[in-house]
Amino acid sequence: MTTATAPQPTPPRPSKVYFFGTCLVDLFYPEAGMAGMELLKAQGLTVVFPQGQSCCGQPAYNSGYRDEALKVARAQLDLFPEDLPIVVPSGSCAGMMRKHWPHLFHGEPDEAKAVNVSSRVWELTQFLVQVLDVRLEDKGEPMRVTWHASCHAQREMGVVEEPKALLRQLANVELVELKREKECCGFGGTFAVRHPEISAAMVGDKVADIEQTGARRVVSGDCGCLLNINGALEGGRKPVQGQHIAQFLKERLHG
Amino acid sequence: MAEHPPQAVNFAAASKAALLDPQLRGNFRRAMDGLMSKRAVQFADAKEWHDMRALAASVRLRTLAKLPELLETLEANCTRNGIQVHWASTTAEANAIVLGIMKRVDAKLAVKGKSMVTEEMHLNAFLEQHGIEALEADLGEYIVQLDGTMPSHIIMPAIHLNTKQIAHLFKRKIKEAESIEDAAYLTDLARRILRKKFMTADVGMSGVNAAVAETGTLCLIENEGNGRMCTTVPPVHIAFMGLEKVVEHLEDVPPVISLLPRSATGQPITTYVNMITSPRKEGELDGPREIHLVILDNGRSSVYADPELRDTLRCIRCGACMNHCPVYTKVGGHAYEAPYPGPIGKILVPQMEGLAKRGEMPHACTMCNACVEICPVRIPIVEIMGRLRVEAVRPGDAVKDAGAQASKAEAMVWKGWAAMNASPTAYKIATMAMSKLGNAAPTGLPLLKEWTSVRAKPRFASRTLHDLAREKGIPDV
Amino acid sequence: MSDARSAILAKLRTNRDAHPVTPPPSDTTVLAEKRWAPEERLPRIRRLMEAVHTEFLEATEADWSVVVREFLVREGAATLLYAPATPDGATLASAFPPSPPRGEGRGEGNLTLVPYDRPVEAFKERLFEGIDAGLTSTLGAIAETGSLILWPSVEEPRLLSLVPHIHVALLRADALYDTFWQAMRDNRWAEGMPTNALLISGPSKTADIEQTLAYGVHGPKRLIVVVIR
Ligand code: SF4
């Protein structure tokens with residue numbers, strides 16, 4: 001995948017990791033963040049959640065306000081002093097940190113530090129599969145689900161198969177893939193409010209695709225997409241529900 | 001520079017109309033789905049795709065590296081071959097050149113193969129004003145011209161219409177047309193009409209897919225044969241190219257003309273690859289006696305100035321980015337009201353026409369990167385889009401009308417946002433306030449209003465992840 | 001006009017020199033590696049071209065002119081345009097007795113052989129309105145894409161392969177290339193290009209009406225490749 005950053009060399013299994021929750025998880029889906037940390041802890045890892053964290057800077061970066069993005073990104077740099085992986089429960093924010101931070105900090109005095117932090121960023125499912133090689137035991141009821149791939153997870157982080165591989169490990173879960181899995185749900189940050197009608201048409205197509213799978217749950221790894229898809233599902237009074245993959249996995253493991 | 005700032009083109013309003021047309025949406029959805037799957041078949045071999053793409057990108061980058069020299073070589077070799085080369089800084093200059101040629105040969109009828117550059121020039125309308133009939137000969141362009149509209153796709157101009165709509169159009173506009181809703185019938189009807197025109201046209205016009213500096217050869221690819229008709233039958237041929245279309249060597253042509261149709265429509269090659277190196281020579285029985293090559297700038301030399309934005313000029317106009325763009329698929333090509341719609345349009349048109357007029361275009365994108373994934377010459381479309389968003393709110397001279405969208409209010413919002421997110425204390429207070437009070441916000445608020453037009457209100461969690469982590473004793477360092 | 005020229009070139013130069021581009025080398029290995037065993041080339045060409053409605057006839061050097069004649073008579077063609085000054089043209093003519101059905105050139109049954117021997121200006125209406133088929137030679141064909149290579153010439157004009165409703169092309173089975181790239185390298189095209197060189201990969205076609213393939217939009221409706229072994 002040429003747009004994604006080069007695959008990271010798989011580091012040896014660490015005993016400790018940092019967790020970067022992201023602002024959307026913080027405000028709208030904190031249980032997804034907690035579930036992500038619990039999945040990591042269940043693998044015997046110590047998880048550090050630096051309380052000083054806020055946002056990766058992406059909203060301003062994509063809106064044309066690079067100075068503001070830089071200011072916010074810079075405020076995160078000192079939170080990860082030890083040479084440990086930084087796990088992020090969002091492909092989009094992970095992509096911002098991995099792919100765009102080096103560009104954003106280019107020529108800045110703290111460029112080297114930013115590049116170092118950037119190089120340690122992992123998307124959660126990618127980390128669970130590639131580094132931890134997790135084995136999941138499903139204790140939940142039989143259920144059909146579908147998977148929504150976020151654009152940035154796929155195309156910036158190169159995360160395509162990992163989350164689906166995790167879902168397929170669940171014995172009682174039937175994964176039915178979307179017809180247009182690769183197509184954007186129409187969130188796009190400020191796009192959703194700048195071009196609400198187009199965004200609505202896009203999420204409308206996505207909802208129709210989700211419905212045709214017959215799944216009760218649509219699982220995703222990105223809270224931006226989930227806000228959008230859940231908002232549309234709820235607004236359209238659809239019986240399907242969107243859920244972050246971390247939370248879904250945690251529920252399955254606990255039965 | 002214009003006295004008055006140009007009127008901004010309202011993409012949102014135009015796209016709204018498109019979204020309300022279920023027929024149009026259906027036509028695009030079907031067509032784009034088909035094109036995407038056909039393209040995927042062509043690039044089933046990942047290594048071949050990777051290597052071909054790297055090769056094509058290198059060819060285009062080499063063009064950019066040597067652009068002024070290659071244009072001079074092209075000119076010298078074309079001239080030696082008998083092709084007359086003309087340079088135009090603006091579309092008005094290009095139109096004037098064409099008119100000069102047409103007047104000299106007393107042209108009444110000109111036939112034209114597909115050329116996007118002439119769309120930039122609004123050449124048909126210009127010639128009509130001067131009493132010269134300019135007839136589009138590519139079937140899709142012919143349909144669009146009959147309909148009095150613009151192409152909605154750079155490769156498939158009439159993709160927004162279905163067979164039934166085209167049959168009705170023909171019935172309305174063509175005397176001998178019968179009401180038969182069948183592509184074969186309609187195609188044959190157009191064949192009969194256009195063959196008469198090819199036979200009698202005074203001038204033939206065409207675009208150029210690649211102009212070879214080394215040999216002075218103009219390469220055109222097409223399926224229908226109208227391009228060959230326009231460049232072979234009339235006594236005069238005028239070819240149009242954007243100045244970036246030059247390539248250094250003849251051997252640079254195969255990778256470009258391989259990736260172009262495979263990306264565009266999923267065919268291994270077009271029916272015709274037409275390489276023209278000179279007008280009719282002594283003793284030859286056909287071919288035009290004069291060939292003119294119009295090299296158009298129209299803002300390209302400014303696009304070339306910025307090392308990041310310059311990559312826009314790598315484009316080979318395959319249109320694949322349109323086919324894969326989820327926004328384009330929803331609204332269709334006309335909503336952009338520009339010669340180039342879709343992703344390439346969103347980065348090229350604002351640079352050509354300025355951010356005052358086209359500032360909204362780079363925002364009509366979710367930055368999903370679907371286009372970047374398939375662009376055969378690896379243009380970082382989304383990075384350029386992001387950069388144009390910066391230029392839109394930052395006065396400067398990197399792009400025409402930079403800073404045209406600068407708004408004090410918006411800048412304040414982002415300053416406030418940065419202040420909140422750059423200080424843990426401020427962040428804590430702000431997120432606490434949102435958790436407590438956010439859900440009470442009335443849906444009539446700006447932004448929330450747009451969001452809730454089709455969605456339920458987003459619900460703030462009562463406690464943030466920071467709160468939960470602290471409560472659960474998750475270590476902070 | 002030359003103002004525009006110097007302004008454009010000066011601006012490009014200044015802008016380029018301010019930020020030079022270092023292009024990566026063009027690695028053509030991927031093109032060089034596109035190879036087919038000699039016996040695979042023709043079947044591949046045939047498969048690709050038949051997929052876009054090209055028709056094939058098999059013949060030998062001794063009988064191709066008769067094969068062509070019989071085919072066209074069978075298909076009801078009344079006129080065949082050809083290049084009389086080429087060796088293939090001479091061979092073709094020898095298959096037609098000099099007793100024309102309509103007092104012109106040579107003919108057989110209802111099929112008249114029409115030489116393309118005048119400038120098109122003196123010939124346009126006949127060419128567009130009175131010719132059913134045209135016969136050309138080729139320089140060979142390309143396995144990768146299923147394409148014929150044509151170099152029209154003084155003797156063999158360009159419109160022979162474009163205006164007639166049926167284009168009959170002679171393909172010698174020993175003139176097959178793997179790729180377009182290989183063909184242009186082997187034959188050193190860059191050292192001298194003809195007025196017009198063509199790749200032709202099927203009859204004229206369009207999908208401009210709702211993605212529905214339709215053949216014969218402006219150029220030939222049928223392409224007949226005569227493989228000569
Ligand atoms: S930007 Fe890339 S994908 Fe789009 S038309 Fe140009 S070459 Fe094709």
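User: Which residue stands opposite Val273(B) in S10(C)?

Analyst: Leu199(C) stands there. Keep in mind that this is a predicted model.

User: What makes strand S9 of chain B and strand S10 of chain C a pair?

Analyst: Count the bridges. Pairing needs at least two bridges between the strands. Residues 272–276 of chain B and residues 196–200 of chain C are joined over five bridges. Five meets the requirement of at least two, so the strands count as paired. Their sense is antiparallel.

User: Why is the link between Arg185(C) and Glu251(B) called a salt bridge?

Analyst: Check the distance. The closest N and O atoms of Arg185(C) and Glu251(B) are 2.9 Å apart. The cut-off is 4 Å, between a side-chain nitrogen of Lys or Arg and a carboxyl oxygen of Asp or Glu. The value of 2.9 Å is within 4 Å, so the name applies. Chain B and chain C have nine salt bridges between them. The side of chain B that touches chain C has 50 nonpolar, 24 polar and 26 charged residues.

User: How many residues of chain B and chain C are in contact, and what area do the chains bury?

Analyst: Chain B brings 100 residues and chain C brings 74. Each counts because it has heavy atoms within 4.5 Å of the other chain. About 7600 Å² is buried between the chains, and carbon and sulfur atoms give 59% of it. On the chain B side, Arg191(B), Met199(B) and Leu285(B) lose the most area to chain C, together 10% of what that side buries.

User: What makes Asp205(A) and Arg25(B) a salt bridge?

Analyst: Apply the rule again. Their closest N and O atoms are 3.4 Å apart. That is within 4 Å, so the pair qualifies. Across the interface of chain A and chain B, the rule finds 13 salt bridges. Another tally there gives 33 residue pairs in polar contact, both residues at pLDDT 80 or more. Helix H11 of chain A, residues 196–212, gives the largest share of the side that touches chain B: nine residues. By class, that side of chain A has 34 nonpolar, 24 polar and 16 charged residues.

User: What area is buried between chain A and chain B, and which three residues of chain A supply 11% of its share?

Analyst: The area is about 6300 Å², with 63% from carbon and sulfur atoms. Leu27(A), Gln51(A) and Tyr65(A) supply that 11%, more than any other three residues. The contact takes 74 residues from chain A and 71 from chain B.

User: Why do Glu38(A) and Lys250(A) count as a salt bridge?

Analyst: N to O, the distance between their side chains is 3.6 Å. That is within 4 Å, so they count. Chain A is divided into domain 1 (16–130) and domain 2 (136–254). Between these domains the count is one salt bridge. There are also nine residue pairs in polar contact, with both residues at pLDDT 80 or more.

Key
Residues numbered from 1 in each chain as written. Chains lettered and ligands numbered in written order. Predicted model: local features only at pLDDT ≥ 70, side-chain atom pairs only at ≥ 80, totals over all residues. Heavy atoms only, no water. Buried area = accessible area lost by both parts, 1.4 Å probe. Polar contact = N/O pair within 3.5 Å; in protein donor to acceptor, adjacent residues only side chain to side chain. Helix = DSSP H or I, 4+ residues; strand = E, 2+ residues; numbered from the N terminus. Nonpolar A, V, L, I, M, F, W, Y, C, P; charged D, E, K, R; others polar. Domains from an automatic or database assignment.
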